Amino acid sequence: MSRSFAHFLRHTTIISIQVIILAFAYGFLGAILYYGSIYPSERVSILWKNHPEELTMVVTLIATVLSVTTSTLFTISVKEALRHRMSRPISLVQLSAGVALSKGTAILRPEYIQLTTLTLFVFGVLRLLTAGWTTLLTPTPFSLPINMQGYELDITGTAFAAELLQEYENQGFTDIRDDAFEVLDIGGMLSGISAAGQTYGLPGTFNFNGVKYNISTQGIVPAIEEYSGSHAIPGPNGTRLGFSGGNVTVNTRPTPGNRTSLPLPQGFSRNYSMLQQGLTANVSCWPILNNTQYALNMNSTVVYVNAAADNDSIAGLNLWSIVGNCGANTSVKQEYATMLNASGDATSSSGFLPSVVCPGPTAMSQTSANLSQTYTSFTILSQGFNKYRFLNASVCEVTPWFTTVRANYSNDLISSEYISPTPFGPENILLLSFIAGVAKFQSISSQGLMSSTIGDTLYSIYSSTTTTSISDSLGNQTQVYNELEEYWRGVVEFSATFLRSGFMAEGSYSSGIPANLQSTVNGTVYISTIGWTSSWRSATYLLAIVPSTIITILTFACALYSIFKNRSYRTTFDASNTLHVIMASATGDLKLGDFSHKGIVANEGVEVQLEESKDNDDVKKFVKVVQMMPV
């Protein structure tokens, strides 16, 4: 093998290795930018997460090896280029700068600002190689966003109204406005309690069908499989209005886009943010004044009194017939039973809070122009007695709304907030009647022989959040009304969740939800994992490979210079070797000035040239180049 070919092969190898290393950097960065994120397998992710010190050590070691390789190849190429450059005249200060570059150091000569800047720049870039590779190769914890799409039951249109009517007919009911269906358990009451308490800062988690909701349901059902709750199969009569718990189908799936070739990681944790169809209500409560057309007529009949009864037994019963004047010449009757003492009176610790649900518009919104319009709201008349006397005769207007809900799924809890409301239309009269029936069912079931769940809720929340006494003289009626409004809002929202759950329960539809009953669900899942992501680090990654890019370009330039300026006989002189420089200077009998400042400056400007003996390849010397004076 000739010296020329060996010389060419050596420099080609240097260029190839540098290009391969740089191609790895750009290829790795390109993969990150193309896929958006790169992450290892679940097993490796857990290993990295649990051993961060060992991970840092391994990454730093790899980054050090790559940076040392890159810088070593660069210094070799500079030495070769400087060896060829010395075949022509070169000043000593330029030679000094070349030697500094071949050693990865810098010169500090303000008189030669360009050479000083060049060497300082290269010196700094070489020092940044390890930091750049470490930044590029170090995996970091990040949240991987993946789009989610699917569908759920749409309860807003005429298609669902037809389904609901058919279900009523199957249950044997044709007049749905004034009937309450005992299809809801204690869930409605608990939802109301949770919603009422949150207004005043009381923590509340509402549970239904194995699902945890923060405060209230906002009328949604889970759109994420791992938050769907119970996986029990409902019985033959356990769906729709007969729903009593069980698996509610989920039809939401991830749409990863560019990541189709990469399996989605399970991640350390997953948080979801979904846009779903919800239902809430605007509830406004105010006192019934004498000059309004609302009224509660109370009639009671004692049907049983046992004067000799023990304190622990029922001494007497009082049957109540409550007639509510709902306005527009409409009245609604509701009956209750309460317990009496042996004297035929209510006990001091008992409480009575009857409520009458009136479907239809309120007196405050009635005009001659809209009396014939379809109902979009209903009213609830209430009044407290005995220990609930803090609640005066009141009317609450309940106006349900369809909503777009942003539901956040995190830490086994669903937290929701509605974004935009849409009022009910004429096609939603059956749904409104169902909600009114749920409210009626709650108003009846909440009142026991001695106490009312609604009354106890108002009392306990008030007592927990104020320093005043809740009595007829000291009670804050504004807060009481706010609590009552939130209670009924929670009941309304739960009624929608119950209805969706029943119609979306497994077995409700043999082939899944029909297309005309589907409402779009979309959102994002944020998967916590470890790896590399371009979402917020793309600029950092680009900066990280700049040092390697610069050094590779400089190496390429020096190697090409050596190839084109090849002098095969000049193979043993190394300008970065101090002994070689001294030997060449001594052999050439190079005469320079002294070490004074003036002498050093003069010496830096001296141009020298490396000469080699044609007869003896081992003889090399520096000779001073004499500048020819122009004639």
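Leaving aside its neighbours within four places in sequence, with which residues is Y409 in contact? In this predicted model, local features require pLDDT of at least 70 and side-chain atom pairs count only at pLDDT 80 or more, whereas totals for chains, interfaces and linings use all residues. Residues are numbered from 1 along each chain as its sequence is written, and side-chain values use heavy atoms, with hydrogens and water left out.

With contact taken as heavy atoms within 4.5 Å, and sequence neighbours within four places set aside, Y409 is in contact with I220, V221, P222, A223, I224, Y227, R270, N271, Y272, M274, Q276 and I414. Y409 is also among the residues that touch the most other members of the largest nonpolar core, a set of 75 residues; such a core comprises buried Ala, Val, Leu, Ile, Met, Phe, Trp, Tyr and Cys residues joined through side-chain atoms within 4.5 Å. Helix α10 (residues 477-504) gives the most to this core, with 13 residues.

P222 is found in the loop between β5 (211-214) and β6 (251-255), where strands are DSSP runs (E, at least two residues) and helices are runs of H or I of at least four, numbered from the N terminus. P222 is buried, with a relative accessible area of 7%, buried meaning under 20%, exposed over 50% and partly exposed in between (1.4 Å probe, protein chains only). P222 and M274, 52 residues apart in sequence, are separated by 9.8 Å from C-alpha to C-alpha.

Most residues other than glycine have a negative phi.
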